[in-house]
Amino acid sequence: MKNCLVVDDSKVIRKVARHILESLDLTVSEAVDGQDALTQCEASPPDVVLLDWNMPVMSGMEFLQALSTAKMAARPKIIFCTTENGISHIKAAVEAGADEYVMKPFDRETLESKLAIVGVI
């Protein structure tokens with residue numbers, strides 16, 4: 001079973017994402033910020049990371065930059081999940097290493113299609 005790390009400072013978003021991802025037969029773990037996520041990725045890289053943009057301690061963009069230099073067996077696929085919808089934000093995320101981009105609020109169909117695009121399901 002593939003696993004997904006949900007990284008968001010909002011407990012509600014993590015809960016909604018967990019519900020959707022588990023219904024898609026993924027194992028889910030959670031992180032409250034980018035630093036927490038980086039620690040978890042270095043210990044045991046997930047198949048995919050659902051990543052918020054704006055978080056305290058370490059933002060999604062800072063996480064992507066740190067992930068690029070982290071020593072890991074395999075780099076997870078990254079799906080940015082945020083309210084930031086400007087083309088400049090999307091471009092910056094992709095240039096920083098995001099594989100896909102999804103807008104909040106999201107639903108099961110949207111998340112399922114993004115996971116399929118990155119090859120996780």
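Mentor: Helices here are DSSP runs of H or I with at least four residues, strands are E runs of at least two, and both are numbered from the N terminus. The model is predicted.

Trainee: Where is P105 found?

Mentor: Start from the two elements on either side. One is the strand β5 (100-103) and the other is the helix α5 (108-117). P105 is found in the loop between β5 and α5.

Trainee: Is the peptide bond from K104 to P105 cis or trans?

Mentor: Look at omega for that bond. Its value is near -5°. The peptide bond from K104 to P105 is cis.

Trainee: Which elements give two or more residues to the lining of the largest cavity?

Mentor: Begin with the lining residues. They are V6, V7, D8, I13, L50, L51, D52, C81, K104 and F106. Two elements give two or more of them: β1 (3-7) and β3 (48-51).

Trainee: How many residues of the lining of the largest cavity are charged?

Mentor: Sort the lining by class. Seven residues are nonpolar and none is polar. The number of charged residues is three.

Trainee: How many disulfides does the structure hold?

Mentor: A disulfide needs two cysteine sulfur atoms within 2.5 Å. The sulfur of C4 has its closest cysteine sulfur in C81, 9.8 Å away, so the gap is too far for a bond. The number of disulfides is zero.

Trainee: Is C4 buried or exposed?

Mentor: Buried means under 20% relative accessible area. C4 has 1% relative accessibility, so C4 counts as buried.

Trainee: And C81, buried or exposed?

Mentor: The cut-off for burial is again under 20%. C81 has a relative accessible area of 3%, so C81 is buried.

Trainee: Which loop holds D25?

Mentor: D25 is not a glycine, yet its phi is positive, near 65°. D25 is also exposed, with a relative accessible area of 54%. Its loop is the one between α1 (11-23) and β2 (27-31).

Trainee: Is V57 buried or exposed?

Mentor: V57 is found in the loop between β3 and α3 (60-69). Its phi is positive, about 70°, although V57 is not a glycine. Exposed means over 50% relative accessible area. V57 has 68% relative accessibility, so V57 counts as exposed.

Notes: Residues are numbered from 1 along each chain as its sequence is written. This is a predicted model: local features need pLDDT of at least 70, side-chain atom pairs count only at pLDDT 80 or more; totals for chains, interfaces and linings use all residues. Side-chain values use heavy atoms; hydrogens and water are left out. On a 1 Å grid over the protein atoms alone, a cavity is a set of points where a 1.4 Å probe fits but cannot get out, and a pocket is an open set with protein on both sides within 12 Å along at least five of seven lines; lining residues have an atom within 4 Å of a point. Ala, Val, Leu, Ile, Met, Phe, Trp, Tyr, Cys and Pro count as nonpolar, Asp, Glu, Lys and Arg as charged, and the others, Gly among them, as polar. Buried means under 20% relative accessible area, exposed over 50%, partly exposed in between (1.4 Å probe, protein chains only).
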